[in-house]
Amino acid sequence: MRQCFSVSLFVGAGILRAIQKLPVMHINPQKTMKHVSVLVPNSPCILSSVIGAYKVLSTVNMTLAGHGKKPYFDIQLVGLSHETSLYNGLFVVRPEVLIKDVHKTDLIIIPAFQGDVGACLKLNLDYIPWITEQYKAGAEVASLCTGAFLLASTGLLKGKKCSTHWMAANAFRQAFPDVKLQPEKIITDELGMYSSGGAYSFLNLMMYLVEKFCGREMAVYCSKILEVELERKSQSPFAIFIGQKEHEDDSIKKAQLYMENNVNAKVSVDQLSDMFAISRRNFERRFKKATSNTPVEYLQRVKIEAAKKSLESSRENINEVMYSVGYSDSKAFRTMFKKITGLSPVNYRNKYNREMAVK
């Protein structure tokens, strides 16, 4: 332990000395620090989102200290209990204070939940009135990944934009239909409420907040120290379309399976409605209700998902992939592919197929 401790001190001191050698930043320190409450859920959560949020803001303070300036952030871990055990007891997080002792804060950061989000929410209900009270008193709130479920549970997001992990998008829509979910976004920002996409994209939101509160130059400094790409805006390239089948409409499930098993065929809505003896209008209504997509949208996503898999693993060229998923119009295929993934077919292949990547 002593050896590890001395090494960490050496590394920390080395970074601080390096910061002191960087060009002086042209920023004006705040007159008062911004108090930040990083919540520690009373349930399983993604530890990296707690530590990562703390680390990014601490890096701002460390950078300022290296230039002889006062810190921007007064960061506290805030909890409902004095201790949260995570990952089957491998890690324990001990908040500095409990929410009952935090009467005023400027920024609340809600980390990502892990596992059954519904069960996690039940264990963290006591945060809801406190978050609401603080927001109405002027605090801003940032949810990281599935932390959006807790923020939405306050009712503050009604009619507003929000993002979350793409894997949780369907569950979020069902739980909070009055929120304008934007699962393709890495970051949303509306009326003092922020959200991030899935997993480690929370780092992009944290850097966004650094830029918003401390300026572009500070954000660039911190991004270089932490080696975080600043300009990521979409999580669409990472999303895997698995279809929305958590519903009870058997006819629609059969239609979904037919689409997924016939990606190379030209399937029309009229054909599907006839196949299942449902009027087109009723079929479209039921399909949208069950899947949150129109039949055409669903079919497009199924075809593009199949194309993605081919581009990731096969040696087929772009046109061969296009024909294999039932497209014959190159422009239409490329346009739809980019709309859904955020990348062109060529760029997607270069990103995920090392063997076929253009050198």
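At what angle do helix α9 (residues 250-261) and α11 pack, and how far apart are their axes?

## Packing of α9 and α11

The two helices, α9 and α11, pack at about 85°, and 10 Å separates their axes (lines fitted to C-alpha atoms over the stretch in contact, with angles from 0 to 180 degrees between N-to-C directions). They are therefore roughly perpendicular to each other (65 to 115 degrees).

Ser251, Ile252, Ala255, Gln256 and Met259 of α9 meet Phe283, Arg286, Phe287, Ala290 and Thr291 of α11. By class, this contact (heavy atoms within 4.5 Å) of α9 with α11 comprises 6 nonpolar, 3 polar and 1 charged residues.

## Model and confidence

This is a predicted model, in which local features need pLDDT of at least 70 and side-chain atom pairs pLDDT 80 or more, while totals for chains, interfaces and linings use all residues. Residues are numbered from 1 along each chain as its sequence is written, and side-chain values use heavy atoms, leaving out hydrogens and water.

The protein has a mean pLDDT (the predictor's confidence in each residue, from 0 to 100) of 90, with 91% of its residues at 70 or more. Over residues 1-11 the pLDDT is below 50, and this stretch has 1 contact in the model beyond near neighbours in sequence.

## Largest pocket

The largest pocket has a volume of about 930 Å³. Arg173, Pro183, Phe241, Gln244 and Arg301 lie nearest its centre, among 34 lining residues (those with an atom within 4 Å of a point). α12 (295-313) gives the most to this lining, with 6 residues.

Methods
On a 1 Å grid over the protein atoms alone, a cavity is a set of points where a 1.4 Å probe fits but cannot get out, and a pocket is an open set with protein on both sides within 12 Å along at least five of seven lines; lining residues have an atom within 4 Å of a point. Grid points are joined across faces, edges and corners, and a volume is the space filled by probe spheres set on the points. Helices (H or I, at least four residues) and strands (E, at least two) are DSSP runs, numbered from the N terminus. Angles under 35 degrees count as roughly parallel, over 145 as roughly antiparallel, 65 to 115 as roughly perpendicular and the rest as oblique. Ala, Val, Leu, Ile, Met, Phe, Trp, Tyr, Cys and Pro count as nonpolar, Asp, Glu, Lys and Arg as charged, and the others, Gly among them, as polar.
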